[in-house]
Amino acid sequence: MKSKSQLLLFGLALMVSLAGAWFEKTPGYMDAEYYYGNAVRLAQNNGWTEMVLWNYLDSPEGLPHAAHVYWMPLASFLAAASLMIFKTSSFFVARFPFILLSAFIPPLTAEISYSLSQNHRSAVLSGLLAVFSGFYCIYTHNVETFTLYMLLGGLFFLMIQKEPARINRRYVLMMGALAGGMHLSRADGLLWLVAGMGLIFIKSPESGWRKIKSFLTSAIYLFTGYAVIMSPWYLRNLLEWRTFFPEGISQAIWITNYNQLFIYPASRLSFQNWIAAGWSVLLSQRWSALMDNLKTVIGVQSMVILLPLMVWGVWRQKTKTAVRFGLMMEGITLIVMSLIFPLAGARGGFLHSSAAIQPLLWALVPEGLTG
């Protein structure tokens with residue numbers, strides 16, 4: 001795609017993001033407040049700790065408390081870096097990395113579109129959809145994970161679409177690093193590592209034992225790229241709890257209403273507690289979450305009017321690896337956030353997680369117009 005068009009999309013996106021940030025004077029809701037507050041503590045040399053308790057899943061003993069036990073830390077790290085560079089605690093300064101990174105999403109979306117269609121006009125239109133992103137406009141310049149997930153997910157799709165004829169070590173290392181970045185942004189980023197393993201197994205040209213050997217070799221490189229990004233987080237957890245994952249977090253799967261996320265002690269959350277709610281309640285919750293998440297697909301991801309174009313674009317490009325992978329990830333995310341974590345998924349989990357697929361969806365809209 002022409003570099004001039006990419007530069008224009010970047011400049012336009014930067015202006016839109018700066019305008020949104022100018023009018024938004026405070027984080028505005030809990031997620032952004034949490035990431036920003038912990039960024040300030042990091043910037044002020046208070047360590048990887050927080051002075052709030054918003055759940056008790058890891059059986060906290062008091063304050064200060066280990067930070068980012070439930071939510072992953074990358075958003076806070078980026079905001080803290082900006083605050084330390086400029087030696088301030090300003091909310092506007094904390095958003096600098098997100099404002100800048102959000103401006104790369106439209107050019108990236110355009111590049112994905114061009115890699116699919118080789119059509120410059122379609123690519124520009126896709127980029128403009130990412131600039132004027134509807135519901136996402138109020139989030140991408142905030143201290144949050146939307147921008148990170150869109151950017152890393154978009155890079156994942158672009159790399160898959162431009163993959164070499166034969167999967168090589170560099171390709172797999174990059175895939176692992178992107179999956180690591182996604183996991184450091186959100187806990188469900190681990191799904192992208194697992195999906196990446198499936199992809200390199202499927203794309204391996206060998207058969208039989210040679211295919212297994214090739215896959216195992218590639219898996220080592222995939223995990224190496226992942227570990228480069230994620231090892232500081234795992235090391236912190238080992239030092240803090242002597243486990244790779246924060247103590248008690250897995251118990252969140254057993255909540256039967258959202259308020260149980262704040263239950264104390266967290267040991268009351270168990271399979272027995274979960275099953276005691278009754279199958280009618282459990283199934284009703286999952287059906288309700290599925291309906292809410294499908295509304296997010298229609299109302300947020302496709303802004304209603306773009307849905308037919310996205311569907312037709314998917315059909316026209318159904319043979320492309322990136323499109324098939326994107327459909328799979330959308331389905332997996334929908335299932336996980338509707339059936340496994342229905343309460344968290346319906347209250348914003350799916351909205352956040354599905355942002356990773358959004359650049360691909362924007363890239364497919366022009367395909368629905370040209371068919």
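**Backbone features, helix packing and nonpolar cores**

Lys87 is exposed, with a relative accessible area of 77% (exposed means over 50%, buried under 20% and partly exposed in between, with a 1.4 Å probe and protein chains only). The model is predicted, so local features need pLDDT of at least 70 and side-chain atom pairs count only at pLDDT 80 or more, while totals for chains, interfaces and linings use all residues. Residues are numbered from 1 along each chain as its sequence is written, and side-chain values use heavy atoms, with hydrogens and water left out.

Lys87 has a positive phi, near 50°, although the residue is not glycine. Lys87 is placed in the loop between H3 and helix H4 (91-94) (helices, H or I of at least four residues, and strands, E of at least two, are DSSP runs numbered from the N terminus). Asn45, in the loop between H2 and E1, is likewise a residue other than glycine with positive phi, here near 60°. Asn45 counts as exposed, at 68% relative accessibility.

A cis peptide bond joins Leu63 to Pro64, with omega near -5°; Pro64 belongs to the loop between strand E1 (49-50) and strand E2 (65-66). The bond from Tyr264 to Pro265 is also cis, with omega near -5°, and Pro265 sits in the loop between helix H11 (208-241) and helix H12 (271-275).

Helix H2 (residues 30-43) and helix H3 (residues 74-86) have axes that come within 8 Å and cross at roughly 45° (axes are lines fitted to C-alpha atoms, for helices over the stretch in contact, and angles run from 0 to 180 degrees between N-to-C directions). H2 is therefore oblique to H3 (under 35 degrees is roughly parallel, over 145 roughly antiparallel, 65 to 115 roughly perpendicular and the rest oblique). Residues of H2 in this contact include Tyr34, Tyr35 and Asn38, and those of H3 include Phe77, Leu83 and Met84 (contact means heavy atoms within 4.5 Å).

Helix H6 (residues 105-117) packs against helix H17 (residues 358-370) at about 50°, with the axes 8 Å apart; this pair is therefore oblique as well. Ile105, Thr109 and Ile112 are among the H6 residues that meet H17, where Trp362 and Glu367 are among the partners. Beyond its neighbours within four places in sequence, Trp362 contacts Ile105, Thr109, Ser126, Leu129, Ala130, Ser133, Tyr136, Met150 and Met310.

The largest nonpolar core has 89 residues, and Ile112, Val143, Phe156, Met175, Trp192, Phe325 and Trp362 touch the most other members (a core is a set of buried Ala, Val, Leu, Ile, Met, Phe, Trp, Tyr and Cys residues joined through side-chain atoms within 4.5 Å). Helix H8 (residues 146-161) contributes the most to this core, with 11 residues. A second, separate core of seven residues includes Phe10, Ala13, Ala110 and Val131.
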